[in-house]
Amino acid sequence: KFNPPAADLTSQQVQGKLDSGLYKSIHEGRANTAMGAWTYALSDQEIRDVVAYIRTFGQSLSTP
């Protein structure tokens, strides 16, 4: 259990962010959350791949 809880990657709040915002959150982490920086563990391309993967969770929101 995380405090604050982990982000819901299917939410409008996450899916509504620009790719650059998601990239920055993954690259630099998020203060006061369990989301640490991945800058030294993932390459720029791998972070872009994670952003693309996160986008797949939003596809179900637009499909009836």
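Me: Hey, quick one to start: where is Asn-32?
Reply: Asn-32 sits in the loop between helix 2 and helix 3. Keep in mind that this is a predicted model.

Me: And is Asn-32 buried or exposed?
Reply: Asn-32 counts as exposed, at 72% relative accessibility.

Me: What's its phi like?
Reply: Asn-32 has a positive phi of about 60°, although it is not a glycine. For background, most residues other than glycine have a negative phi.

Me: Which residue has a positive phi just after helix 2?
Reply: That's Gly-29, with a phi of about 80°.

Me: OK, let me zoom out. How many helices and strands does the chain have?
Reply: There are three helices and zero strands. Reading along the sequence, you get the pattern α-α-α.

Me: What box do the C-alpha atoms fill?
Reply: Roughly 40 × 30 × 15 Å, taken along the principal axes.

Me: How much of the chain is buried?
Reply: Buried residues make up 17% of the 64 residues. As for the surface, the chain exposes about 5,000 Å², and carbon and sulfur atoms supply 56% of that.

Me: What share of the contacts between residues at least 6 apart in sequence join residues at least 24 apart?
Reply: That share is 55%.

Me: Now the inside. Which residues make up the largest nonpolar core?
Reply: Six residues do: Val-14, Leu-22, Ile-26, Ile-47, Val-51 and Ile-54. Helix 2 and helix 3 each supply at least two residues of this core.

Me: Which helix gives the most to it?
Reply: Helix 3 does, with three residues.

Me: Tyr-23 came up as a contact of Ile-47. Where does Tyr-23 lie?
Reply: Tyr-23 lies in helix 2. It is partly exposed, because its relative accessible area is 21% and the cut-off for buried is under 20%.

Me: What does Tyr-23 touch, leaving aside neighbours within four places in sequence?
Reply: Tyr-23 is in contact with Asp-44, Ile-47, Arg-48 and Val-51. With Asp-44, the side chains are joined by a polar contact of 2.7 Å.

Me: Tell me about Asp-44, then. Where is it found?
Reply: Asp-44 is found in helix 3. At 42% relative accessibility, Asp-44 counts as partly exposed. Not counting residues up to four places away in sequence, Asp-44 touches Tyr-23 and His-27.

Me: How far apart are Asp-44 and Ala-7?
Reply: They are 37 residues apart in sequence and 22 Å apart in space, C-alpha to C-alpha.

Me: Changing topic: how many salt bridges does the structure hold?
Reply: One. The side chains of Asp-19 and Arg-55 meet in it, at 2.8 Å from N to O. The pair links distant parts of the chain, with Asp-19 in helix 2 and Arg-55 in helix 3, 36 residues apart. In general, side chains of opposite charge can pair when their charged atoms come close.

Me: Is Asp-19 buried, partly exposed or exposed?
Reply: Asp-19 is partly exposed, with a relative accessible area of 43%.

Me: What does the side chain of Ser-11 reach?
Reply: The Ser-11 side chain reaches the backbone oxygen of Asp-8, at 2.9 Å.

Methods:
Residues are numbered from 1 along each chain as its sequence is written. This is a predicted model: local features need pLDDT of at least 70, side-chain atom pairs count only at pLDDT 80 or more; totals for chains, interfaces and linings use all residues. Side-chain values use heavy atoms; hydrogens and water are left out. A salt bridge is a side-chain nitrogen of Lys or Arg within 4 Å of a carboxyl oxygen of Asp or Glu. Helices (H or I, at least four residues) and strands (E, at least two) are DSSP runs, numbered from the N terminus. Buried means under 20% relative accessible area, exposed over 50%, partly exposed in between (1.4 Å probe, protein chains only). A nonpolar core is a set of buried Ala, Val, Leu, Ile, Met, Phe, Trp, Tyr and Cys residues joined through side-chain atoms within 4.5 Å. Contact means heavy atoms within 4.5 Å. Accessible areas come from the Shrake-Rupley method with a 1.4 Å probe; for residues, only the protein chains shown count as cover. A polar contact is a pair of N or O atoms within 3.5 Å; within protein, one must be able to donate a hydrogen and the other to accept it, and residues adjacent in sequence count only if both atoms are side-chain atoms.
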